[in-house]
Amino acid sequence: MITNKSQKRMGRIPLSLLLLAVVGTFGPGVENSMAEWGHVKTLLEAGDEVQSVAFSPDRKYIAYGGNDNNVYIHDIRDGWNHIQTLEQAEGDIRSVVFSPDGKYIAYGGGDETLYIHETENDWEEIGASPFEQAGAEVRSIAFSPDSRFIAYGSLDNNIYVHDAEGDWREVGESPLDQGMGLESIVFSPDGRYMASGGRGTEDSDPKVRIHDIENDWNEIDGSPLEEATDDVQSVAFSPDGKYIAYGSLDGNVYIHDIEGDWEEITDYSPLEQAGSGVRSAAFSPGSRFISYGSLDGNVYIHDIEGDWQESNGNANGFFIRRIDDWAENAESPLEKAGDEVNAVTFSRFGRYIAYGSADSNVYVHEAVPLEAQEITWRGVNTSALYDFLGDWVDDLDTFADVHTLTVEDYVPPGKEDPEDYDLWDGGRVPGLGDKAVFHWDATEEPVFSYGSPGDEDLNDAPIIIDEGDFNPDHIELDAGGWQAPNRPSDAQILIRNPLKLESFHLASGHTSAGQGQDLVVVEGGHSLTLTGKEPISFGGRRGGWGTLALEDDSELIFAGEDQTFDSFNFGTRLTGDGGTVKFTGEEAEVTLADPGTSSRGNILLSRQELHIRSDQHWVNPEGTGFIEVLDRPDGQLLHSYDGEPLNNLSEVAFRVDRGQVANYSYYYPEATLQGLYVYGDLHHTRTANHRFSGDLTLTGGAVVGGDDDEVEAEQLDYGLVFHSSRDWRHGLYLEGYDLTTDRGVHLLSTGSAGGTGTDYAPMYAGGSEIDIGGELFIESERNPAGTVVDDNGDSLSETRNIGIIGDADTVLTLRGDFKTNVRSTTGDNLHLSTVNLLEGTGETPNNFEVAADPEDQIEPDTYAVGTLNIGTEDDSAYIQLVNEYLNDNDPDNIDKTREGEILLANEMKIGPDSTLDLNGKGAKVYALDIDGTGTLNLNTGQDLEDGDIVGTFRGAGDQVDQWEVFADRVIDSSNPERSFIPVRENGDTYWEAR
């Protein structure tokens, strides 16, 4: 019976409300209790011997085929009625299978052909089918667990493999020559191995061969398995991945331990009950039973389970199955068949076993629980309980016939009557399992809501993962419905126990009532460890509601040796006030996949600390993956887990996004990264200081995310982008540490429309060396220099807070163009510093934007340079002056107040094989030196006569004597016949044409 105060609500509840299931080790009454296998149905459609039987993974259909050339399909849920016959084959049907994703049914046989049909498209044959490569009868077909590959074996000794994701093309390694006629092919449950068994030859006994799919489908060490003395007819992996079994015409079933280097388990192998040859063998879905059919007309079932004891040495808290006895089940053998048993299979959850016989029939038996049990269910609601029972029962009343079921109501604090609520205490999920699934998709009413929207004081989570027996390998949290949880107090799964999983999938949806935040919370002092190859993923129809939160002193640990991070969905992120994200795998390879249109990249942190080992290998194959950090006050971008410099992140781009605190400092440690994008969006009264605490090297471009719709993520030509918006006062402080970037640097202020014009994006580089491998662009989108007029006709003051500020110990090396559309920064800028302009050729010169006022002196608040080197002893340069921005902008947009910007340097040196091309622009220097192979090209763009003074290049004061030494190195490409001498004019020094 079912006892519950809310019994009136416990009819057959739609699964769309809330499903909570533990899959792998099934619920009470499924495989956790002894059972009798009562006969429930005989299917009689076949007109000749039945050779193969298969259940669909969704438990809707059973299909079988045989010697009458047809495949018959029955609807299990509609009284096992026959609904379809597939008649394409021209020969016996030897194998029928469904794909694990349920999309396809495939079959083949005597006509040497493989056929594939779509289950959801009126059972139509797919366009690529049939496949006719086989040179003899097709005896076995298998799909890989992910449904990507289909393999089929033939008596021509070959296995043929096709890739469903590659338009069903044959894979490059196919066909695989096995040297024996193939009778059985099967994939391991983890998709790593493919095993095949077949007939012996004159040269060798029958055997089972095992191929490593990840190793180009090559045979593994230890293959083949050769215990059988007659043809191997059937091969099967146990679903828990521990065993491989194969049946032979010698009447035996042989069992090998996969985890024990594929050695035979001699304590109970072989199984010898069959009175004649074994044609088919299968494990039940929970790996508890093994069944095999014999030519003697019987089906034998063995109960694998003995004593399941916890391993005392298991530090991770997982339970290990210890198998003591493979005794034959009390109801074995099943003797319904009137002739040879050719095929045996279990339904997905082990409720049914079916076998096909040479008497033309398919027999179906149901495992019926023998002993009543008392079960206390502390799940979320009745539909969660319903799904926990799987396909074992049609409704709860049937289950109550053999069980006493008690459902404990959960009463929130301060509430009295559980009738008011739709859930019970999450407590801990009963049993162990390979996979836990938390799912809700309410279309008519909210779920996880035990009070009115005003009850904000209800902070007890519906599901609490506490200490106890809940130790799955995978968790999926699906909140994909429109009415997703809309308050943190409604939506939490609290982790209060160090939980170790292979993977965690969070799919959050949209809520019409607001943001369903913090769906999963790791409480302070606890940890969530993920070990799988794809450890965490996010999905959902809308996403973006902050689904995973870490509290202070909690940890999210990625401990795998090989892990890939796909893109987070839309705005999904790690939230919370603190916590730590750690990558602890020694020498692990971590891959950031192309995020596509995701605006949030691959890993999105909020206020968590990020710790990475220095010996790990991080890769970013498309160059567009990135890690984003939000709202990290007074913290550090990342930490070295082992204390060594993080120079292993040369393929990782970071984005630091708008802080939501008033004032803070943020630190960048010694590291080598791909690129760095810093973005700020705060009011002008707030400040943020971004400070180096070590040398920073950038090997590639910063990345901008997609738009969550059509635009893909993009790697920029800038290694560093320092971007300020909304008058935000933030600065980048190198603090005497060095910055090296293989690409350019972009200092950008966008500001607010109609704002004050006081934009901020300065880089403070006192005592630092900066080496920029590309372009340096100092830009204000809102307030370029000049008198800017807003929509009301009012003048806006030009910005003077974007640029690089250095001192006498600052060295800036620039290997690309210099561009700016703003006046010089307020402060020292580079008037005491050394600037090296490198690279460029006469055909493709590097451009340098002249920005100083003609009357400026070498002083603060100017675009003056202390020492300007055009090329160095080691690197030549060809630099061309331009004036594309500033006061020479479009006069229709900006009312010019200044004209004739110049290059202003205290000391200018033109190095070996280097050229400065004035390109008609101006320069003023206080000291000049030109190497014997260097060139100053005045390039006036005018027709010069003898005695004309070139006013665009000026030396402050009297420098005639110094200039005379290198007069032969001064040219004018506009007047190639002219030479030049230095002359003094109005107190300064100029070049005069000759």
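Reader: Start with a strand pair. Which residue in E19 does His 211 stand opposite?

Author: First, a caution: this is a predicted model. Strand E18 covers residues 208-212 and pairs with E19 in the antiparallel sense, over two bridges. In E19, the residue opposite His 211 is Glu 219.

Reader: Which strands of that open sheet stand at the edges?

Author: The open sheet has four strands, in the order E16-E17-E18-E19, with antiparallel pairing. An edge strand has a single partner strand, so one side of it is left without a neighbour in the sheet. The edges are strand E16 (182-187) and strand E19 (218-219).

Reader: Does Asp 212 count as buried or exposed?

Author: Asp 212 lies in strand E18. Leaving aside neighbours within four places in sequence, Asp 212 is in contact with Arg 192, Tyr 193, Trp 217, Asn 218 and Ile 220. The cut-off for buried is under 20% relative accessible area. Asp 212 has 10% relative accessibility, so Asp 212 counts as buried.

Reader: And Asp 216: buried, exposed or partly exposed?

Author: Asp 216 is found in the loop between E18 and E19. Its phi is near 55 degrees, a positive value in a residue other than glycine. Exposed needs over 50%. At 49% relative accessibility, Asp 216 counts as partly exposed.

Reader: Where does Asn 919 lie?

Author: Asn 919 is not a glycine, yet has a positive phi of about 55 degrees. At 26% relative accessibility, Asn 919 counts as partly exposed. Its place is the loop between strand E78 (915-917) and strand E79 (922-925).

Reader: Now the parallel pairing. Which residue in E65 is the bridge partner of Tyr 733?

Author: Strand E62 (residues 729-733) and strand E65 (residues 761-764) run parallel, joined by two bridges. Both belong to an open sheet of six strands, in the order E52-E55-E57-E62-E65-E70. The edge strands of that sheet, strand E52 (635-636) and E70, each pair on one side only. In E65, the bridge partner of Tyr 733 is Tyr 764.

Reader: Which residues cover the two faces of strand E40?

Author: Strand E40 spans residues 527-530, and both its faces are covered. One side has Ser 527 and Thr 529, and all the residues named on both sides are buried.

Reader: Which residue in E43 does Leu 530 stand opposite?

Author: E40 has parallel partners. Three bridges join strand E37 (residues 499-501) to E40, and there Leu 499 stands opposite Leu 528. Four bridges join E40 to strand E43 (residues 555-558), also running parallel. In E43, the residue opposite Leu 530 is Phe 558.

Reader: What volume does the largest cavity have?

Author: Rolling a probe the size of a water molecule over the atoms shows where empty space is left. A search of the whole structure finds four cavities of 30 Å³ or more. The largest has a volume of about 220 Å³.

Reader: Which residues lie nearest the centre of the largest cavity?

Author: The lining has 25 residues. They divide into 19 nonpolar, five polar and one charged. Elements giving two or more residues to the lining include strand E67 (776-780), strand E75 (864-870) and E77. Nearest the centre lie Phe 818, Leu 830, Phe 848, Tyr 863 and Val 865.

Reader: Last, the whole protein. What share of the residues is buried?

Author: The secondary structure comes to four helices and 85 strands. Among contacts with a separation of 6 or more, 68% join residues 24 or more positions apart. Of the 994 residues in the protein, the buried share is 59%.

How values were computed. Residues numbered from 1 in each chain as written. Predicted model: local features only at pLDDT ≥ 70, side-chain atom pairs only at ≥ 80, totals over all residues. Heavy atoms only, no water. 1 Å grid on protein atoms, 1.4 Å probe; cavity = no way out; pocket = protein on both sides within 12 Å on 5 of 7 lines; lining within 4 Å. Points joined across faces, edges and corners; volume = space filled by probe spheres on them. Nonpolar A, V, L, I, M, F, W, Y, C, P; charged D, E, K, R; others polar. Pairing = 2+ DSSP bridges. Buried < 20%, exposed > 50% of the residue type's maximum accessible area, 1.4 Å probe, protein only. Contact = heavy atoms within 4.5 Å.
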